[in-house]
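Work through the exercises below with the model open beside you. Try each task before reading its solution.

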Amino acid sequence: NGVFTKEQARRGATAYQKACGSCHGANLNGQGHAPALIGAPFFDRWSELSVQDLFFTVQISMSHSDFLFAPSDTTADIVSFLLRANKMPAGADALPISQEKLRQILITGKPATP
């Protein structure tokens, strides 16, 4: 709970649109070969894994975008946006970029059903 700030998620939304939206879709629903990053597909892929796993995937596997060669703070912003888009609450502290700290944060739960 609360492992990122609202401001971090807001910056992440902007960075996502620049770096990820053209493949994963502006609404995060995925398209073509790029999977959805919201709802059940997100939780099916990331549940019980650490935020470090997600962070690493965004930073390394998606590095075909020159934008993601930016500092790790940008990756943290994008990951924060993905967490918020999946109805995880913001908190008082920013998502850290330390691998050790990120490994301690697990992605749990499922999205609320409409």
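**Exercise 1. A residue and its contacts**

Leaving aside its neighbours within four places in sequence, which residues is Asp-77 in contact with?

Solution. The model is predicted: local features need pLDDT of at least 70, side-chain atom pairs count only at pLDDT 80 or more, and totals for chains, interfaces and linings use all residues. Residues are numbered from 1 along each chain as its sequence is written, and side-chain values use heavy atoms, with hydrogens and water left out.

Step 1. Asp-77 lies in helix 5. Helices are DSSP runs of H or I with at least four residues, numbered from the N terminus.

Step 2. List the partners. Contact means heavy atoms within 4.5 Å. With those sequence neighbours set aside, Asp-77 touches Gln-8, Ala-9, Arg-11 and Gly-12.

Step 3. Check accessibility. Buried means under 20% relative accessible area, exposed over 50%, and partly exposed in between (1.4 Å probe, protein chains only). Asp-77 has 8% relative accessibility, so it counts as buried.

**Exercise 2. The salt bridges**

Find how many salt bridges there are, and trace which residues they link.

Solution. Side chains of opposite charge can pair when their charged atoms come close. The rule used here asks for a side-chain nitrogen of Lys or Arg within 4 Å of a carboxyl oxygen of Asp or Glu.

Step 1. Count. The rule gives three salt bridges.

Step 2. Start at Glu-7. Arg-10 pairs with Glu-7, with the closest N and O atoms 2.4 Å apart. Both residues lie in helix 1, three residues apart, about one turn of the helix. Arg-10 is partly exposed at 47% relative accessible area. Glu-7 is partly exposed too, at 36%.

Step 3. Arg-11 has a relative accessible area of 37% and is partly exposed.

Step 4. Asp-77 and Arg-11 meet through their side chains in a salt bridge (3.0 Å, N to O). That pair links distant parts of the chain: Asp-77 is in helix 5, Arg-11 in helix 1, 66 residues apart.

Step 5. Join up. Glu-7, Arg-10, Arg-11 and Asp-77 form a network of salt bridges.

**Exercise 3. The length and setting of helix 5**

Check whether the span of helix 5 agrees with its residue count, then say what its buried residues pack against.

Solution. Step 1. The expected span is 1.5 Å times one less than the number of residues. For the 14 residues of helix 5 (residues 72–85) that gives 20 Å. The end C-alpha atoms are 20 Å apart, which agrees.

Step 1. Ten of the 14 residues are buried, so helix 5 is largely enclosed by the rest of the structure. Among them are Ile-78, Val-79, Phe-81 and Leu-82.

Step 2. The buried residues pack against helix 1 (6–19), helix 3 (40–46) and helix 4 (51–61).

Step 3. Look past the end. Lys-87 follows helix 5 and has a positive phi, near 65 degrees.

**Exercise 4. Helix 4 against helix 5**

Describe how helix 4 and helix 5 pack.

Solution. Step 1. Their angle is about 120 degrees, and their axes are 10 Å apart. Axes are lines fitted to C-alpha atoms, for helices over the stretch in contact, and angles run from 0 to 180 degrees between N-to-C directions.

Step 1. Name the residues that meet. Helix 4 contributes residues including Leu-54, Phe-55 and Val-58; helix 5 contributes residues including Thr-75, Val-79 and Leu-82.

Terms used:
Helix = DSSP H or I, 4+ residues; strand = E, 2+ residues; numbered from the N terminus.
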